[in-house]
Amino acid sequence: MMEKNDITIICPLYNAEEYIVNLHQSILMQQNVNIKEIRYVLTESSDQTKSMLEENHIPYKMIPRQEFSHSLVREREAMEAEGKILVFITQDVRIQRKDWLYELVKPIMENRAEACYSRQLCDNNSIEKYTREKNYPAVSRVVSKKDIPELGLNTFFFSDAASAIRKDVFVELNGYDQKELPISEDMYIAYKVIMKDYRIQYCAESEVIHSHRFTLKQQFERYRLTGRFFKENAYLDQYGTNRSGGNLAKYILKRALEERNIRVLLQFVPNMAARFIGMKAGKLL
């Protein structure tokens, strides 16, 4: 039996009324792990999230909207956490398996990796379905600094929709360096993990369902923020940002053609254009 390390789960919330009860219950049903605490941080919302948290006796911390930051909120909670392992999740992941958390933190417990992330599955027949297939395959793998020549930018692929990291490593790396990152805070920390000669494991056995239905405007805005992130962290360009995006687009088109997915084929050009233009706008402006 493995030693059970204390785990702190950190989850930012905003307008989360449709998620919070099921999410909390799915966390409580996790087996063979020792959850020390769950730190929900609710950004002031316009729905009934606050009431639902209180009605269900779920502890939370509330902050005004102007205080929210993807990186700074997570960083503050991580630094104050009591657990030896930090687990970051987003409010919209759906957890169906009772061993999701065990499989996520297992490599850290067994000293096979310092950071891990879950497999994300998509439950709609959209472009995101193929994106998830490409980014989250059925086979687990560990990456380290030695994989950079082969994998390039993908060496730093990481997602805090469902991820874990040793707290002592997070503290040693100074988290997100107190930067207010609008997006890609997970890649920011992953780069630091890898360059410090630590290891990241992708855990295919740790599954969550994570799906979106972005409009073209929303897709453009996400990639504009991503472009801004790469502009502000230009050192990442040397690892092939354009090549990574191009390979993903080719994979999506190939799979849509194989499955004769007319809906995706019709959406492909405008969707890729929104991503490309958004990325360019973020880097230029």
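Which side chains meet in a salt bridge at 3.5 Å, N to O? Those of Arg 74 and Asp 160 do. The legends below start from this pair.

This is a predicted model, in which local features need pLDDT of at least 70, side-chain atom pairs count only at pLDDT 80 or more, and totals for chains, interfaces and linings use all residues. Residues are numbered from 1 along each chain as its sequence is written, and side-chain values use heavy atoms, with hydrogens and water left out.

**View 1. Arg 74 and Asp 160 join distant parts of the chain.** Their salt bridge spans 3.5 Å, N to O. A salt bridge here is a side-chain nitrogen of Lys or Arg within 4 Å of a carboxyl oxygen of Asp or Glu. Arg 74 sits in helix 3, and Asp 160 in the loop between helix 6 and strand 7 (162–166), 86 residues apart. Helices (H or I, at least four residues) and strands (E, at least two) are DSSP runs, numbered from the N terminus. Arg 74 is buried, with a relative accessible area of 3%. Asp 160 is buried too, at 6%. Buried means under 20% relative accessible area, exposed over 50%, and partly exposed in between (1.4 Å probe, protein chains only).

**View 2. Glu 80 and Arg 39 meet in a salt bridge.** The N to O distance is 3.0 Å. Glu 80 lies in helix 3 (residues 70–80) and Arg 39 in strand 2 (residues 34–43), 41 residues apart. Glu 80 is partly exposed, with a relative accessible area of 44%. Arg 39 is buried, at 15%. Both belong to a network of salt bridges that links Glu 37, Arg 39, Lys 61, Arg 76, Glu 77 and Glu 80. The structure holds 29 salt bridges.

**View 3. Arg 112 and Glu 110 pair through their side chains.** This salt bridge spans 2.8 Å, N to O. Arg 112 is partly exposed, at 33% relative accessibility. Glu 110 is partly exposed as well, at 35%.

View 4. Two strands pair if DSSP finds at least two bridges between them. Strand 1 (residues 6–13) and strand 2 run parallel over 8 bridges. Leu 13 has Leu 42 in strand 2 as its bridge partner.

**View 5. The largest nonpolar core has 38 residues.** Such a core is a set of buried Ala, Val, Leu, Ile, Met, Phe, Trp, Tyr and Cys residues joined through side-chain atoms within 4.5 Å. Phe 156, Ile 165, Ile 200 and Leu 236 touch the most other members. Elements that each supply at least two residues include strand 5 (115–121), helix 7 (167–172) and strand 8 (200–209). Helix 8 gives the most, with 7 residues. Beyond four places in sequence, residues touching Ile 165 include Ile 85, Phe 88, Phe 170 and Val 193. A second, separate core of 32 residues includes Leu 42, Ile 58, Leu 101 and Met 109.

**View 6. Helix 1 (residues 20–28) has buried residues.** These are Ile 20, Leu 23, His 24, Ser 26 and Ile 27. They cover an arc of only 160° around the axis, which puts them on the same side of helix 1. The arc is that of the directions from the helix axis to the C-beta atoms. The face turned away from the buried side carries the exposed residues Asn 22 and Leu 28. Cover for the buried residues includes strand 1, strand 2, helix 2 (49–55) and strand 4.

**View 7. Met 52 lies in helix 2.** Met 52 is partly exposed, at 21% relative accessibility. Leaving aside neighbours within four places in sequence, Met 52 is in contact (heavy atoms within 4.5 Å) with Glu 17, Ile 20 and Val 21.
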